[in-house]
Amino acid sequence: MLADCDYQGWKALALKTGKIDLVVPLEIGPRIVHLSPAGSRKNLLHLDQEGLGGKDEPDYQLRGGHRLWHSPEHPVRTYQPDNRPVSLKRLPGDGGLILKQEKEEATGIRKQILIEAVDATTIRIDHTLTNDGLWPVELASWALTVLRAGGLGVVPLLPKGEHPRDLLPAGAVVPWTYTDFSLPVWGWRPGFITIDTTKATEPQKLGLTAYPGWSAYWLDGVVFVKASFPQAGKKYPDFGCCFETFSNPDILELETLGPLSLLDPGASSGHTEYWTIFEGVE
């Protein structure tokens, strides 16, 4: 069900599945600014307090929430403003919506997000980048979910093999130059990596070239699961990363990426995620 609302100073639209509440602003974006179990005011997403209700600013605003970028990251092309109203299309039956941004003047790229309830417990989010410029552009869709600190992130690894049967590597963990795996924010387990945001003291980031297809975040008894399925044989940015995570004392980001595509003028590339929430998890 879709319902018009005001949210943190923005005209907005709420999608309610009966199990999940989600809110998108209409005066900026495309973004998702609220995600919670149904009826809860405890937003799982982080929002920058200084950016609440803002619009029409000339420069890029972090704001928080869930957003769509294009990778590889670059200080100019990545940080293009999304401070203008988005066009809205409601899907049949009020089970979803499409938000479309004006063309980015500096890049020629147009961003679109489709949000649709698969059922009461699962939401599908399709991210689309369209090249409205004059020449081909190589890029990858980059879907970033910025979560409120205070919980535990879980990044699964591929199932374990055995020696001497499995002699070749299955994938790589990719650090950034500021990544320090000796910090207590990181936890290394046999089947997954944890990120304890209560121990975060400085920015940290890693990527995976072999991603099992899901990641999760636990906060106050609620678990958010974000699923996205890499495409075999495709080229991915950042040394082949199809998943990345970033943390600092305020946030945890779960980020999935689509494959790199050379988009001719008028062409589009897409990337899909599925979101689920579980309650009452110790």
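I started with F229, which sits in the loop between β18 (222-227) and α1 (237-240). This is a predicted model, so I am reading a computed picture throughout. Is F229 buried or exposed? I got 55% relative accessibility for F229, so it counts as exposed, the cut-off being over 50%. I then found F229 in a nonpolar surface patch of about 290 Å², made together with V118 and Y274.

**Helix α1.** Next I checked backbone angles. Most residues other than glycine have a negative phi. D238, in helix α1, has a positive phi of about 55° although it is not a glycine. F239 is also placed in helix α1, and its phi is near 65°, again positive in a residue other than glycine.

**Two cis prolines.** Which peptide bonds did I note as cis? One runs from G29 to P30, with omega near 15°. P30 lies in the loop between β3 (20-25) and β4 (31-32). Another runs from S71 to P72, with omega near 5°, and P72 is in the loop between β6 (66-71) and β7 (87-90). I keep in mind that most peptide bonds are trans.

**H127.** I moved on to strand β10 (residues 122-131), where H127 is placed. H127 has a relative accessible area of 0%, so I call it buried. What does its side chain make a polar contact with? I found the side chain of H66, at 2.9 Å. Leaving aside neighbours within four places in sequence, H127 is also in contact with residues including L68, Q112, S141, H271 and E273.

**T194.** Strand β15 (residues 192-196) holds T194. I have it as buried, because its relative accessible area is 5% and the cut-off is under 20%. T194 and V155 are 39 residues apart in sequence, yet their C-alpha atoms are 6.2 Å apart in space. Not counting residues up to four places away, T194 touches L152, G153, V185, W186, G187 and R189.

**Cores.** Last, I looked for nonpolar cores. The largest has 46 residues, and L22, L35 and I115 have the most contacts inside it. I followed up L35: beyond its neighbours within four places in sequence, its contacts include I20, L22, L45, F224, W275 and I277. I also noted a second, separate core of eight residues, with Y7, A14, V33 and L47 among them.

Definitions and conventions:
Residues numbered from 1 in each chain as written. Predicted model: local features only at pLDDT ≥ 70, side-chain atom pairs only at ≥ 80, totals over all residues. Heavy atoms only, no water. Helix = DSSP H or I, 4+ residues; strand = E, 2+ residues; numbered from the N terminus. Buried < 20%, exposed > 50% of the residue type's maximum accessible area, 1.4 Å probe, protein only. Polar contact = N/O pair within 3.5 Å; in protein donor to acceptor, adjacent residues only side chain to side chain. Contact = heavy atoms within 4.5 Å. Core = buried A, V, L, I, M, F, W, Y, C linked by side-chain atoms within 4.5 Å. Patch = residues over 30% accessible without salt bridge, like charges linked within 9 Å, V, L, I, M, F, W, Y side chains within 5 Å. Areas by Shrake-Rupley, 256 points an atom, 1.4 Å probe, with all protein chains shown as cover. Salt bridge = Lys/Arg side-chain N within 4 Å of Asp/Glu carboxyl O.
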